[in-house]
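Biologist: I would like to learn how to read a protein structure, one feature at a time. Could you take me through it?

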Amino acid sequence: MSVSYDGDDPTRFGTNAFYAAIGRAFVAMCAFIPVLFAIEGIDRLTGNRLDASGGIIPRDINGLDGVVFAPFLHASFDHVLANSIPLILLGTFVLADGGRRFIWTTIFIAIVSGLGVWFTGDPHSVVVGASGVIFGYLGVLLMRGIVERRWWHIGVGLLIGLLYGWQLLGVLPTDEHISWQAHLFGFIGGLVAAIIFRRRRPRPVAPTTSPLDLTLEGPTVQ
């Protein structure tokens with residue numbers, strides 16, 4: 001017989017495993033940021049060839065591979081820095097709820113955001129950056145509390161809404177040098193991902209009555 005202890009449940013707020021999951025997720029996201037800076041450094045050394053060959057070029061078949069590579073590329077070191085803090089914060093909360101769900105959620109968001117840019121973006125532009133994924137994480141955290149109905153997720157959603165809710169304006173057409181399409185479709189992808197990859201609660205099992213119980217209770221007369 002297996003026994004489940006609350007202290008070993010990483011999804012239950014306040015347990016040791018929960019705090020350990022948050023810590024590991026934070027360290028993992030912090031470790032990923034230097035990788036983005038290193039990629040940008042290589043891009044600078046090669047004359048921005050990585051951006052040119054790995055970015056999304058809307059409605060150009062040669063730029064379709066940017067759906068995969070564009071989230072790792074940035075226009076400048078300032079661009080990487082601007083994305084670093086929200087990527088760490090939002091990514092930590094998404095990752096802490098499970099590594100496998102994090103991977104599938106990130107892949108789904110990147111595909112939805114990237115294809116949205118490819119179909120609707122300016123065909124004379126090259127789109128790079130992790131902003132689409134960041135807006136996707138924002139969508140996940142805002143929607144997850146609703147679909148899973150766990151107090152922890154609801155609390156995180158409220159916190160993130162207070163901190164980053166104003167950034168939802170980024171899904172609207174503004175600066176021509178900013179891909180609002182990536183933001184919009186990334187956010188939509190995050191909302192959908194929270195539903196598709198939600199943690200399903202186990203169904204309650206109806207109690208069963210054994211023949212011995214019926215014998216002990218005796219027949220029922222109406």
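Modeller: Let's begin with Arg-44, which counts as partly exposed at 43% relative accessibility. Buried means under 20% relative accessible area, exposed means over 50%, and partly exposed lies in between (1.4 Å probe, protein chains only). Please keep in mind that this is a predicted model, where local features need pLDDT of at least 70 and side-chain atom pairs count only at pLDDT 80 or more, while totals for chains, interfaces and linings use all residues. Residues are numbered from 1 along each chain as its sequence is written, and side-chain values use heavy atoms, leaving out hydrogens and water.

Biologist: Which side chain does Arg-44 meet in a salt bridge?

Modeller: Here is the general idea: side chains of opposite charge can pair when their charged atoms come close. A salt bridge is a side-chain nitrogen of Lys or Arg within 4 Å of a carboxyl oxygen of Asp or Glu. In this model, Arg-44 pairs with Glu-40, at 3.3 Å from N to O. Both lie in helix α1, 4 residues apart, which is about one turn of the helix. Helices (H or I, at least four residues) and strands (E, at least two) are DSSP runs, numbered from the N terminus. Glu-40 is buried, with a relative accessible area of 1%.

Biologist: How many salt bridges are there in the whole structure?

Modeller: A search finds 3. Asp-97 and Arg-101 form one of them, with their closest N and O atoms 1.8 Å apart. Asp-97 also bridges to Arg-144, where the closest N and O atoms are 3.6 Å apart. Asp-97 sits in the loop between α4 and α5 and Arg-144 in helix α6, so this pair ties together parts that are 47 residues apart in sequence.

Biologist: Are Asp-97 and Arg-144 buried or exposed?

Modeller: Both are buried. For Asp-97 the relative accessibility is 7%, and Arg-101 is buried as well, at 14%.

Biologist: Now for nonpolar residues. How many residues does the largest nonpolar core have?

Modeller: In soluble globular proteins, nonpolar side chains tend to be buried together. A nonpolar core is a set of buried Ala, Val, Leu, Ile, Met, Phe, Trp, Tyr and Cys residues joined through side-chain atoms within 4.5 Å. The largest one here has 29 residues, and those with the most contacts inside it are Leu-87, Leu-90, Tyr-137, Leu-141 and Ile-160. Elements giving it two or more residues are α1, α4, α5, α6, α7 and α8. Its largest share, 8 residues, comes from α6. Apart from it lies another core, of 6 residues, including Val-117 and Ala-182.

Biologist: Which residues does Leu-90 touch?

Modeller: Contact means heavy atoms within 4.5 Å. Not counting residues up to four places away in sequence, Leu-90 touches Ile-134, Tyr-137, Leu-138, Leu-141, Ile-160 and Tyr-164.

Biologist: What about His-74: is it buried or exposed?

Modeller: His-74 is buried, with a relative accessible area of 1%. Its place is in the loop between α3 (66–69) and α4 (77–95). The His-74 side chain makes a polar contact with the side chain of Asn-83 at 3.2 Å. A polar contact is a pair of N or O atoms within 3.5 Å; within protein, one must be able to donate a hydrogen and the other to accept it, and residues adjacent in sequence count only if both atoms are side-chain atoms. The His-74 side chain also reaches the backbone nitrogen of Ala-130, at 3.4 Å.

Biologist: Where is Gly-114?

Modeller: Gly-114 is in helix α5, and it is buried, with a relative accessible area of 4%. Gly-114 and Val-67 are 47 residues apart in sequence, and their C-alpha atoms are 4.5 Å apart in space.

Biologist: Last one, about backbone angles. Which loop holds Asn-48?

Modeller: Asn-48 is in the loop between α1 and α2. Most residues other than glycine have a negative phi, and most peptide bonds are trans. Asn-48 has a positive phi of about 60° although it is not a glycine. Arg-59, another residue that is not glycine, has a positive phi near 60°; its place is in the loop between α2 and α3. Asn-48 is partly exposed at 36%, and Arg-59 is partly exposed at 45%.
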